[in-house]
Amino acid sequence: MSRLKELRTPVFWAEGRPCKLNREGWGIEGSGFCANPKIFTWQELITMPKSIADARLTSVTRFSVRGKWGGVKVSDLLNAVQAGPETQYVRFWSYRMIYATSIPIEVALRERTLLAYEFDGENLEEDYGGPVRGFCPYLWGYKSAKSVVKIELMDRYVSGFWEQRGYPDEALITGGKVRDMNQGGRLRPIPNGEVIHFLDE
Ligand SMILES: Nc1nc2c(c(=O)[nH]1)N[C@H]1C(S)=C(S)[C@@H](COP(=O)(O)O)O[C@H]1N2
Ligand SMILES: [Mo]
C-alpha cells in the first residue's frame, strides 16, 4: 500500500476517477507563450534534476498531508520551453482536459512548486495524481492538478475547475483547524499550510 493511502489521504476526482494510466507512455505538453514548446516524456522527466519538497498538500476541505514530494521544478520546465516575457500564469491541465487550474508565474517559479511523480520515495499512483501531478504547497490543494498532461503558459488569468465553482482564484491558505493526516487525521491548526517559513526563499 502506498504511503499516501496508509495515511488515509482523501482521493478527489471531481471529473471522475481515471482508469489505469500508462506511466511509461506518459507525456506532458509544455506550450503557450514560449519559444520552444515541447512534450516532456516520462523518461525525460525522470532524467531531469529531481527536487524534493518536504511540504504539505492542504485542501480547502480541511485535510493536510505532509511528505517528501519528489519531481521536477516547474521553473526548470519553464526554462526548458523558454517561457516568454508575456507569461503571467501557468495553467495545469489534467488528463481528460476537464480539470484545469492556473497559478501566477511568481508562485510557479518558487522552489517547492513541482510537477511531482513521487511521494516519500514511491512513484505516485493514479489515485493521488500519478504518473505526474502539479504540487504547489503555497496554495490550497485545488491548485495542485492531478495527472497532468499539459502546462500552458498564459498571458492572462482564466479560472479553473473549482475556481469557476466559487473557490477563490488566489487560493491563499487561511487559518483554522485542519485534519492532519500525518497524525491520524487529528484536527489541529496548521497556519498557512506551514509554508510561511519558505516564503523568503
Ligand atoms: N484532476 C484533478 N486534480 C485535482 C482534483 C480533482 O478533482 N481532479 N482535486 C484537487 C483538490 S480540491 C485537492 S485538495 C487535491 C487532492 O489531492 P489528492 O486527491 O491526491 O488527495 O487535488 C486537486 N487536484
Ligand atoms: Mo481540495
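1. The lining of the largest pocket is made up of 13 nonpolar, six polar and three charged residues. This is a predicted model, and the comments that follow should be read with that in mind.

2. The space in this largest pocket comes to about 360 Å³. Its lining has 22 residues, and those closest to the pocket centre are Phe-12, Tyr-99, Gly-141, Tyr-142 and Trp-162. As background, empty space left between atoms is found by rolling a probe the size of a water molecule over them.

3. Next, the open sheet. Five strands make it up, in the order β2-β1-β10-β5-β6, and the pairing is mixed. The edge positions are taken by β2 (38-41) and β6 (100-104); each has a single partner strand, so one side of each has no neighbour in the sheet. Direction ignored, neighbouring strands of this sheet are turned by 20° against each other on average.

4. Strand β1 (residues 27-32) pairs with strand β10 (residues 148-154) in the parallel sense, over four bridges. For a specific contact to look up, take Glu-29, whose bridge partner in β10 is Lys-150. In general, strands of a sheet pair through backbone hydrogen bonds, in either a parallel or an antiparallel way.

5. How many of the six residues of β7 (residues 114-119) are buried? The count is six of six, and the strand is described as mostly covered. Buried here stands for under 20% relative accessible area.

6. Which strands does β7 pair with? One is strand β4 (residues 63-73), joined to β7 by five bridges and running antiparallel to it; Lys-73 has Leu-114 of β7 as its bridge partner. Another is strand β9 (residues 133-135), also antiparallel, with three bridges to β7. There, Leu-115 has Gly-134 of β9 as its bridge partner.

7. β7 also pairs with strand β8 (residues 122-123), in the antiparallel sense and over two bridges.

Methods:
Residues are numbered from 1 along each chain as its sequence is written. Chains are lettered from A and ligands numbered from 1 in the order in which they are written. This is a predicted model: local features need pLDDT of at least 70, side-chain atom pairs count only at pLDDT 80 or more; totals for chains, interfaces and linings use all residues. Side-chain values use heavy atoms; hydrogens and water are left out. Buried means under 20% relative accessible area, exposed over 50%, partly exposed in between (1.4 Å probe, protein chains only). Two strands pair if DSSP finds at least two bridges between them. On a 1 Å grid over the protein atoms alone, a cavity is a set of points where a 1.4 Å probe fits but cannot get out, and a pocket is an open set with protein on both sides within 12 Å along at least five of seven lines; lining residues have an atom within 4 Å of a point. Grid points are joined across faces, edges and corners, and a volume is the space filled by probe spheres set on the points. Ala, Val, Leu, Ile, Met, Phe, Trp, Tyr, Cys and Pro count as nonpolar, Asp, Glu, Lys and Arg as charged, and the others, Gly among them, as polar. Axes are lines fitted to C-alpha atoms, for helices over the stretch in contact, and angles run from 0 to 180 degrees between N-to-C directions.
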